[in-house]
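This briefing is meant for a reader who is meeting the structure for the first time. It begins with the chain as a whole and then turns to strands, side chains and single residues.

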Amino acid sequence: MKFRLLGAIEAWKDDSALPLGGAKPRTVLAALLLSGGQPLSVSRIIDTLWPEEPPKTAQALVHSYVATLRKVLRCGEHREVLQTRSRGYVIEPETIWLDLTEFERLVALGRAANAEERHEQGARLLRKSLELWRGAPLDNTCPGFAEPERVRLNELRLAVLAERFEAELAIGAEASAVGELAKLAAEHPLQDRFTSLLMTAHYRLGRQVEALEVYQGHRRQLLGLHGLEPAARLRELHRAILRSSEELLTPKRVKCGSRPSPAQLPPDIPHFTGRDPELARVINAVARPGLARPSLVMLTGQRCIGKTALAVHACHRVAEAFPDGQVYLDLSGVSAEEAIRRVLRAFDVSTFAASHSADEAAAHYRSFLRDRQVLLLVDNASDMSQVRALLPAAPGCAMVVTTSEHLHGLPDTTVHLGPLLPQDSLALLTKLIGTRDGTGPGVLEELAALCDHHPLALQAAASRLSSRPQWTVTRLVARLRDPGRRLAELSAGDPRVRAEPVAAYRALGECDGRMLAALAIADAPSYVPWMAAELGEISEAEAEDVLDRLADAYLLERDGFVYRMASLVRLAVAAEAWSDSREDMFRQAVARLCGRYAATIRQAVAAFGTGEVAMGDPAAWFRDHRARIEALTSTAIRLELLAKTDDPAAPLMTSFRTAPRSAAHWQADSGCRCLQHTRAGSGSEPGTSPLATPSLR
């Protein structure tokens with residue numbers, strides 16, 4: 001989400017301006033944005049809105065303004081931009097884009113460039129910072145609040161304007177600057193920096209008389225208004241023009257040299273959508289002027305989740321902060337030594353790199369970057385040794401790394417990417433599909449959900465529609481509803497939808513691969529360690545380790561001790577595993593898990609009759625497990641476990657199949673839960689109940 005203070009206060013989501021209401025709610029928003037992430041108490045907001053005499057309903061009004069803003073600024077079901085803290089309300093700066101923050105960042109970079117006599121870059125950065133201004137800052141907020149901050153910001157803007165023209169005159173751009181300088185000198189007669197710059201520009205353009213007239217006009221105005229002579233530096237400049245100073249004619253030229261400055265970033269993503277908090281974190285971590293060490297940011301997540309797109313987009317946003325070059329490296333199948341040599345070749349030092357050992361090349365690499373400001377975008381890192389070898393020692397450098405592995409150590413900032421938020425999925429689909437028949441209410445939402453809100457799958461769906469212009473979106477959604485067709489349909493749009501999870505599954509070891517396949521075929525909505533232990537015939541501790549390794553490989557999503565598998569990953573892995581002719585092994589695994597559940601339910605029912613219920617709240621347990629029970633019942637039917645009366649699991653499955661209905665009959669009565677009715681099948685003796693173990697709930 002983007003906020004603008006340098007003009008009328010505005011809030012934007014994607015390409016839409018948000019309604020913020022009148023001056024008072026806008027003032028509350030402005031105060032929160034200017035607080036730098038510090039919570040504002042209700043009493044402080046009241047003082048801001050009514051500095052003299054607040055109304056009796058002031059507290060209620062503040063709560064009303066905050067509630068309205070919170071509703072307008074909501075980013076999704078689980079993401080609040082305006083948050084409540086124990087000490088008040090806050091908007092975290094890391095989660096938003098603010099024009100004032102961007103202005104200050106660009107100014108800092110421009111000043112750093114000018115200090116190093118890189119005036120061309122300094123002028124460009126300062127011009128870019130000034131383009132963010134749209135009018136009087138904090139317009140349409142309460143006057144008493146805005147005026148002090150407006151004075152500060154206007155003074156800063158005038159200082160930046162002067163520094164920009166100083167940089168432009170340093171590179172000999174007097175002809176393009178003189179007109180705007182004349183206007184500024186007239187509008188701000190007491191700002192003698194503009195007068196000085198205008199005099200210098202005229203003189204260098206061969207207009208000595210005009211330069212002297214500017215001085216005399218400035219002197220007359222000062223004497224008339226305040227009885228003062230111009231400042232000493234302006235008088236000295238006047239004398240230099242009178243004596244036709246040769247030194248004054250020569251601008252400070254930009255530092256230059258023959259060293260190359262590679263610009264290797266891939267093209268920016270034209271339809272980049274969403275990821276605002278993640279983008280802000282990357283930019284804030286990379287573009288920090290004055291940092292005493294190089295920045296290292298790591299983007300993690302499953303394959304094709306959009307890590308490279310975000311990295312490229314962020315690096316384009318900060319590229320100007322690295323004037324000595326931006327280098328892109330794809331580390332797929334590349335050793336650390338070869339990666340170093342590729343960077344050196346980008347700077348035309350290939351002869352040295354090729355003729356020395358790996359250690360000497362690494363030492364030369366760090367020495368070479370010591371006095372440079374270089375941005376490295378390192379894609380598809382597979383181990384930490386690659387990252388360590390490439391990390392520069394120079395404080396002016398930064399490195400952005402993407403990886404689908406679980407790497408530990410070193411990063412200043414780690415940004416994990418999961419599926420897109422639902423509203424970002426809709427925005428991306430809208431950009432990709434445009435206006436099309438069959439996009440009524442709810443259709444795009446269902447399409448995004450069937451794609452797991454995964455950027456690659458969403459683009460594959462859009463590609464499928466593009467290749468079938470006669471299809472409506474509704475028709476594609478109807479085809480995707482069938483799990484048996486979903487993967488084939490999306491893979492027709494982009495083969496990687498199937499290929500990437502299959503490749504990740506094939507790369508696993510035997511134990512982990514067998515577990516992932518069993519989880520996919522069992523098709524429960526979520527798993528806890530004891531369920532995986534039953535599927536794999538291993539201990540619960542071993543099962544938890546396997547689940548964690550699969551989560552580290554981004555094949556499972558971890559939420560505490562609950563693990564989930566995205567539907568597209570499940571479909572791809574299940575189909576691949578089933579084709580390996582291990583059907584009996586997976587049937588037995590599902591039967592074990594179903595049998596454990598059935599035994600648990602029957603034991604709970606039997607224990608209830610004797611008053612020895614092992615669980616504190618049976619109804620709560622059934623609510624927690626019902627979705628798993630129903631999904632596993634469907635899987636057992638699909639695998640024909642329920643149809644085989646000669647199978648030892650069959651009687652257990654009969655009990656299991658009817659048990660979910662029993663859960664509806666648990667009712668509250670005097671603080672206790674009672675089972676009023678159940679239908680349990682007959683079968684073998686129940687085993688140990690997982691309900692007796694808290695970790696299994």
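The secondary structure of the chain comes to 29 helices and 15 strands, where helices (H or I, at least four residues) and strands (E, at least two) are DSSP runs numbered from the N terminus. The model is a predicted one, in which local features need pLDDT of at least 70 and side-chain atom pairs count only at pLDDT 80 or more, while totals for chains, interfaces and linings use all residues. Residues are numbered from 1 along each chain as its sequence is written, and side-chain values use heavy atoms, with hydrogens and water left out.

**The chain as a whole**

- Of the 697 residues of the chain, 50% count as buried, a term that stands for under 20% relative accessible area, with exposed meaning over 50% and partly exposed in between (1.4 Å probe, protein chains only).
- The chain exposes about 32100 Å², and carbon and sulfur atoms supply 50% of that area; accessible areas come from the Shrake-Rupley method with a 1.4 Å probe, and for residues only the protein chains shown count as cover.
- Among the contacts in the chain with a separation of 6 or more, 70% are between residues 24 or more positions apart, a contact being heavy atoms within 4.5 Å.

**The open sheet that includes strand E1**

- Four strands form an open sheet with mixed pairing, in the order E3-E2-E1-E6, and two strands count as paired if DSSP finds at least two bridges between them.
- Strand E3 (16-17) and strand E6 (97-98) stand at the edges with a single partner strand each, so one side of each is left without a neighbour in the sheet.
- Strand E1 (residues 2-4) pairs with strand E2 (residues 10-13) in the antiparallel sense over three bridges, and Arg-4 stands opposite Glu-10 in E2.
- E1 and E2 form a hairpin with five residues between them, and Gly-7 in the turn has a positive phi of about 140°.
- E2 and E3 also pair in the antiparallel sense, over two bridges, with Lys-13 opposite Ser-16 in E3; their hairpin has two residues between the strands, and Asp-14 takes a positive phi near 55° there.

**A further hairpin**

- Strand E4 (residues 82-85) and strand E5 (residues 88-91) run antiparallel and are joined by four bridges, with Thr-84 standing opposite Tyr-89 in E5.

- Strand E10 (residues 398-403) is mostly covered, as six of its six residues are buried.
- Both faces of E10 are covered, with Ala-398, Val-400 and Thr-402 buried on one side and Met-399, Val-401 and Thr-403 buried on the other.
- Strand E7 (residues 295-300) runs parallel to E10 and is joined to E10 by six bridges, and Ser-295 stands opposite Ala-398 in E10.
- Strand E9 (residues 375-379) likewise pairs with E10 in the parallel sense, over four bridges, and the bridge partner of Leu-375 in E10 is Ala-398.

**Aromatic rings and charges**

- A search of the whole structure finds three aromatic pairs, a pair being rings of Phe, Tyr and Trp (its six-membered ring) whose centres lie within 6.5 Å, with planes under 30 degrees apart counted as stacked, over 60 as edge-to-face and the rest as tilted.
- The rings of Trp-530 and Tyr-597 have their centres 5.1 Å apart and their planes at 65°, so this pair is edge-to-face.
- Trp-530 lies in helix H24 (residues 529-536) and Tyr-597 in helix H27 (residues 583-610), so the pair ties together parts that are 67 residues apart in sequence; both Trp-530 and Tyr-597 are buried.
- The charged end of Lys-2 sits over the ring of Trp-97, 5.5 Å from its centre, where sitting over a ring requires NZ of Lys or CZ of Arg within 6 Å of the ring centre and within 35 degrees of the ring normal.
- The charged end of Arg-468 sits over the ring of Trp-471, 5.9 Å from its centre.

**Cysteines and Arg-496**

- The structure holds zero disulfides, a disulfide being a pair of cysteine sulfur atoms within 2.5 Å.
- Cys-315 is buried, with a relative accessible area of 1%, and Cys-451 is buried at 0%.
- Arg-496 lies in helix H22 (residues 496-506) and is partly exposed, with a relative accessible area of 40%.
- Not counting residues up to four places away in sequence, Arg-496 touches Cys-304, Leu-456 and Pro-501.
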